[in-house]
Amino acid sequence: MGATSTEEIFGPLLNVLAQSLDVREVFAQISALARQTVPHDRLVFGLISEDRERYRILAHSEDESGGAALPEIRLQASRQLVEEDWALAHHVRTLPGKSLRLEGTTRTSSRPADEPFEWRPAGMHWAGHESWMRLTVRLRGGVLGFIIFLSRAPDQYAEALVPPARRIADLVALAFAHERLAEEARRRAEAQQRAVRLEARVARLTAELEAAEGHRAIGMSRAWREVLTQAAKVAPAETTVLLTGESGTGKEVVAHLIHRGSRRAEGPFVALNCAALPEALLESELFGYEKGAFTGAVSARAGRLEQAAGGTLFLDEVGEMSPAVQAKFLRVLQEREFQRLGGTRTLKADVRVIAATNRDLKAAMTQGTFREDLYYRLHVFAIHLPPLRERQEDILPLLEHFLNQLGPVVTGRPAAGISPEAREQFLAYAWPGNVRELRNAVERALILCEGGLLNPEHLPWHAESARSAPPPSPAAAPPIVGDFPAHGVDLEAMERTLVEGALKQAGQNKSKAAQLLGLSRSKLYTLMEHFRLA
């Protein structure tokens, strides 16, 4: 044992460790003090990964790296040493060859008798040392790493040196634990600062959005704030964004917010509803056309892609694109170029694309109605908007907003207010049409109450109890098919009747009518044009 006891160096060691939270900065001083009790020529401290498959040298007394971070090394023959409390090796010599190979004798806490070993260590710190003592360092019951005392003497270490070496190792582990805690506290503080800055950015963007474009991103629920946070994060990038969620959840409002927070905020925001137009018309609206490209094209016209140059193109209901238009738009996303219909010039697509859909695009891919390659081009950064029924705490703020916004427009003066019973019924309803349906319900109620107090009888479901939502519509029964009349049936007239009936039952809401008929919105629009019901 060395001339100095562990107790004598304990105080100086604590003083050294107190000088810095970074163990590496004072490791040479730790080694110099420890050498008085446990002789060594090199001291090494390493960390072991949580899966115990790799290790990394954190600090060593003879640092030749210039302070650079050392790479992780895979545990090989030394993996069994992780489970040992200590291991001693002596009469270690280097074998000839291109790679480092060592042989000698070793004993461990579980095998106290000397046994021969041969080893190919990954780290070069072993070379030139004829004996060493390795102790496993534990923290909070788990393996943290190891500390190794290396000596050029062939038989330097015996079991009598394990207890003082263990006290030194425990001090180093404790210091590292403090360092790790300080680092975690610093990271938490930085994360909190980032969260505060992000929240301020969200507030600024929502205020700018309302002032510049009249859109308000109202809501304080956790789910809605998460949507706004994600939108604020992705806004400064040029990344393509896909907004998903049910119809009426506010996808266009979020798209406007992303545009306001982007580098393209001074450019145009151009929206196109892919479900509102038949395939041929959608293609010409999106890409534009040259004179004579088709019958009626008496002059050239720029499409939405050109109109949005330098700004943002918002494609609503992108899942309703036909396969042909999907293929052409895929090229826009891949190559950032396109051609007008009937044209030969290649034009640059200087736009940021934000797409939205209320369809399950993965299911559409499986069914073959939506291209897989286009899906992954759009699905770079996806934001899912929760339905209003999952944002209960946002219903009343939205209700108050629509009352204040629509009252002067509908009745010429603000509404007198809303009764507690009506409030309860607003909260009890499931809102399948989400925020859009809520707005429509408020507008209808304002017309009926004529500027007075808004009561349950003014609501669309006034016959229902004030404390329960209206029951869901019963599942549609299959049509009863009996004998056909002798004169036959007018199938087209039946189709028209069905479309008219669905529109009437849905209150002229195209999305609901399409659902009642089992059609896509684009197919419904086609039938409406055919029957001149548009």
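The model is predicted: local features need pLDDT of at least 70, side-chain atom pairs count only at pLDDT 80 or more, and totals for chains, interfaces and linings use all residues. Residues are numbered from 1 along each chain as its sequence is written, and side-chain values use heavy atoms, with hydrogens and water left out.

**Whole chain.** Select the protein chain. Its secondary structure comes to 16 helices and 19 strands (DSSP runs numbered from the N terminus: helices H or I, at least four residues; strands E, at least two). Of its 534 residues, 45% are buried (under 20% relative accessible area, 1.4 Å probe, protein chains only).

**The sheet.** Select β10, β13, β16, β9 and β17. In that order they form an open sheet with parallel pairing (two strands pair if DSSP finds at least two bridges between them). β10 (269–273) and β17 (381–384) are the edge strands; each has a single partner, so one side of each lacks a neighbour in the sheet. Neighbouring strands are turned by 20° against each other on average, direction ignored (axes are lines fitted to C-alpha atoms, for helices over the stretch in contact; angles run from 0 to 180 degrees between N-to-C directions).

Zoom in on β9 (241–244) and β16 (352–357). Four bridges join them in the parallel sense. Pick L243: its bridge partner in β16 is A356.

**The helix pair.** Now select α15 (510–517) and α16 (521–530). Their axes lie 9 Å apart at about 95°. The two are therefore roughly perpendicular (65 to 115 degrees). Show side chains: K510, S511, A513, A514 and L517 of α15 meet R521, L524, Y525 and M528 of α16 (heavy atoms within 4.5 Å).

Key. Parallel < 35°, antiparallel > 145°, perpendicular 65-115°, else oblique. Buried < 20%, exposed > 50% of the residue type's maximum accessible area, 1.4 Å probe, protein only.
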